Amino acid sequence: MSERLASLLGLGARGRRLVIGVTGVRARLQQGRLACVVIAADASGRTRDKVQRLAAARGIPVLLGPTAIRLGVHLGRPAVQAVGTDDAALTRGLMALAEEGRGDTDS
């Protein structure tokens, strides 16, 4: 599931529908301008804490993605710990993939 999520994020990056990196994600969260956040599976505890706490305060879902290196590969960047989007269609796609992933682990 995380590879499909990373591929979808890659499409979002090509369409310029993403903010990439912890600093940018936090800034947009503070402005209330994100609909969804994806954090790398191996993001540092400090990054997770900062981003998740701010997202929770704004009611923004946070999804667990692939490792930072895999995420960076799909985005054409070095390792990426956090990505966010305000695009409604992209958010729906990411949330649908997250739901599929939850269903896979329950069976």
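# Helices against an open sheet

Student: At about what angle does helix 3 run to strand 2?

Tutor: Helices (H or I, at least four residues) and strands (E, at least two) are DSSP runs, numbered from the N terminus. Helix 3 lies across strand 2 and strand 3, contact being heavy atoms within 4.5 Å. Axes are lines fitted to C-alpha atoms, for helices over the stretch in contact, and angles run from 0 to 180 degrees between N-to-C directions. Relative to strand 2, helix 3 runs at about 165 degrees.

Student: Which residues of helix 3 are buried?

Tutor: The model is predicted, so local features need pLDDT of at least 70 and side-chain atom pairs pLDDT 80 or more, while totals for chains, interfaces and linings use all residues. Residues are numbered from 1 along each chain as its sequence is written, and side-chain values use heavy atoms, without hydrogens or water. Buried means under 20% relative accessible area, exposed over 50%, partly exposed in between (1.4 Å probe, protein chains only). In helix 3 the buried residues are Thr 47, Val 51, Leu 54 and Ala 55.

Student: Why do the buried residues of helix 3 line one face, and within what arc do they fall?

Tutor: An α-helix has 3.6 residues a turn, so residues three or four places apart point the same way. The arc is that of the directions from the helix axis to the C-beta atoms. The buried residues of helix 3 line one face because, seen down its axis, they fall within an arc of 100 degrees.

Student: Which exposed residues sit on the face of helix 3 turned away from its buried side?

Tutor: Helix 2, strand 2 and strand 3 are among the elements covering the buried residues. The face turned away carries the exposed residues Gly 45, Arg 46, Arg 53, Ala 56 and Ala 57.

Student: Which strands stand at the edges of the sheet?

Tutor: The open sheet has four strands in the order 1-4-2-3, with mixed pairing; two strands pair if DSSP finds at least two bridges between them. One side of each edge strand is left without a neighbour in the sheet, because each has a single partner strand. The edge strands are strand 1 and strand 3.

Student: Which side chain makes a polar contact with that of His 74?

Tutor: His 74 is in helix 4. A polar contact is a pair of N or O atoms within 3.5 Å; within protein, one must be able to donate a hydrogen and the other to accept it, and residues adjacent in sequence count only if both atoms are side-chain atoms. At 3.0 Å, the partner is Glu 3.
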